[in-house]
Amino acid sequence: MTTPSDVPPANPDWFTTGHKHIWMPYTQMKSSPLPQAVKSTEGVRIRLEDGRELIDGIASWWSACHGYNHPHIVDAITRQAKTMPHVMLAGLSNEPAFTLAARLAAMTPGDLNRVFFSESGSVSVEIAMKMAVQFWINQGHKNRNRFIAFKNGYHGDTIGTMGVGDPDNIMHGPFHGLMAQQLVVDLPANETDRTAFEALAAEHAGTLAGIIMEPLVQGAGGMIFHATETVKFIRDVCDRHGILLILDEIMVGLGRLGTTFACEQADVTPDLMTLSKSLTGGTMPLAATIATDRIFEAFYADELERCLMHGPTYMGNALACAAANASLDLFETEPRLDQVQAMAAQMIDALAPCRDIAGVMDVRVWGGIGVIELETLGDMYWIRDQFIAKGCWVRPFGNVIYLMPAFNIDPADLTTLTDAVVEITAMWSEKRGEWA
Ligand SMILES: Cc1ncc(COP(=O)(O)O)c(C=O)c1O
């Protein structure tokens, strides 16, 4: 494995030609360093065009949960591509989508029995929000179209989902005027907050469609953990005031916290659940909005206008659904949840030395998420470069350095990642005065 950071990035033709035309995500195109040119992937490794290899510490935005190129998923996609990559899902059907719907209905808690597919997490949240609003419209409540959401929450970058995310973050703040004004409040963490939260829910119940939250871990808002009791309390508030609960399990669902779904740990079933990311094991874009029988029944009627008027072109894409079915097979045939528990135990020990480093505010691990919270990040590109120099792909943001690798990462590769985190956090600590 070659890892020195002083190897100049190779610039293959596709890179130099395309970089003049592509617009990269969350990137100041003028000043950000060039992206790494990736040639191939395998297991937890990203191979660069210049021959270097990086161990992926964040599983391509938390999606590649079985590692890259898992042969079972690759075979399923290849077979599906040869028979039928896609047919529209209006008036036509396909076996992978129908099979996947039945499997998800069987896996999810309670009577979350109806699955509506889309192509991205953000869109699945938008669909959940539309379902919640129309659930009330179909029952004669035309004004129940607002949501309670939480500070530090993140549900996507589309206009609807920005409205239920943290209004003050760098990504969404500038669009304040464009977004629907929702009630975005602190997660109620103690008795006083809970009393205030209950009062807010009671006051607005007549205009609320639902409450939306990421259960147990707020991801893009800073990898912030909260107690299972908080999720349970919010479910109870919803029940007491007749409000729907949407749980966004896009990041935490499908094993990341050591259980199939995060809401299981709180013993809560939402009215609507969203899934994406690990759903196809990081291979194809696919998301699902899953509704309980009660929600579905409000749409089940003789009148056309009571149906859900929504249908993305690629919904139920056969290739993506075949990949998802193969990914679910792997959860059944390989010990993924045990691997997450083992990864958690290893990270708890290996990241503990960071607690003694000046400037570290917190070190926390939950399942396959390991977080070092810093007083402030400083130069995130400098930190990223240090990881690359050590043969690791880690992408700090906000004020956190975090790991979220594939569930089946080899313990030795995880050690490479955790050692790098400890060493680079110490280097960051020495340097942090320069960025103050
Ligand atoms: C909890 C949560 N919801 C929604 C999204 C948006 O998903 P996508 O990027 O697929 O639109 C994300 C993405 O990070 C997420 O973490």
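Colleague: Which residues of α8 are buried?
Modeller: The model is predicted, and local features are read only at pLDDT of at least 70, side-chain atom pairs only at pLDDT 80 or more, while totals for chains, interfaces and linings use all residues. Residues are numbered from 1 along each chain as its sequence is written. A residue is buried if 20 or more other C-beta atoms, placed from the backbone, lie within 10 Å of its own, exposed if 12 or fewer do, and partly exposed in between, and helices (H or I, at least four residues) and strands (E, at least two) are DSSP runs numbered from the N terminus. By that count, the buried residues of α8 are T230, V231, F233, I234, R235, V237 and C238.

Colleague: Against which elements do the buried residues of α8 pack?
Modeller: Packing is judged by contacts, which require the C-beta atoms of two residues, placed from the backbone, to lie within 7 Å. On that basis the buried residues of α8 pack against α7 (191–204), β7 (208–213), β10 (244–248) and α9 (262–265).

Colleague: How far apart are the end C-alpha atoms of helix α8?
Modeller: The expected span of a helix is 1.5 Å times one less than its number of residues, and for the 14 residues of α8 (residues 228–241) this gives 20 Å. Just after α8, G242 takes a positive phi of about 65 degrees.

Colleague: What is the radius of gyration of the protein chain?
Modeller: The secondary structure of the chain comes to 14 helices and 16 strands, and its C-alpha trace spans about 65 × 60 × 45 Å along the principal axes. The globule rule, for a radius taken over C-alpha atoms, is 2.2 Å times the number of residues to the power 0.38. For 436 residues a compact globule would have a value near 22 Å, and the chain agrees with this, at 22 Å.

Colleague: What share of the contacts in the protein chain with a separation of 6 or more joins residues 24 or more positions apart?
Modeller: As background, 44% of the 436 residues of the protein chain count as buried. Among the contacts with a separation of 6 or more, the share from residues 24 or more positions apart is 73%.

Colleague: In what order do the strands of the open sheet lie?
Modeller: Two strands pair if DSSP finds at least two bridges between them. Strand β1 (residues 38–42) runs antiparallel to β2 (residues 45–48) with 4 bridges, and β2 pairs with β3 (residues 53–56) over 3 bridges, also in the antiparallel sense. The sheet as a whole has mixed pairing, and its 4 strands come in the order β1-β2-β3-β15. Its edge strands, each pairing on one side only, are β1 and β15 (392–393), which are the ends of the order β1-β2-β3-β15.

Colleague: Which residue takes a positive phi in the hairpin of β1 and β2?
Modeller: The bridge partner of E42 in β2 is R45, and R47 is partnered in β3 by E53. The hairpin of β1 and β2 has 2 residues between the strands, and the one with a positive phi, near 60 degrees, is G43.

Colleague: Which residue in β16 stands opposite G370?
Modeller: Strand β14 (residues 369–374) has 5 of its 6 residues buried, and it pairs antiparallel with β13 (residues 360–366) over 6 bridges, where V365 has G370 as its bridge partner. Strand β14 is also joined to β16 (residues 400–403) by 4 bridges, again antiparallel. In β16, the residue opposite G370 is L403.

Colleague: Is N152 buried or exposed?
Modeller: N152 lies in the loop between β5 (146–150) and α6 (159–163), and its phi is near 70 degrees, a positive value in a residue other than glycine. W61, in helix α2 (residues 59–62), likewise has a positive phi, near 55 degrees, but it counts as partly exposed because it has 15 C-beta neighbours inside 10 Å. For N152 the number of C-beta neighbours inside 10 Å is 21, so this residue counts as buried.
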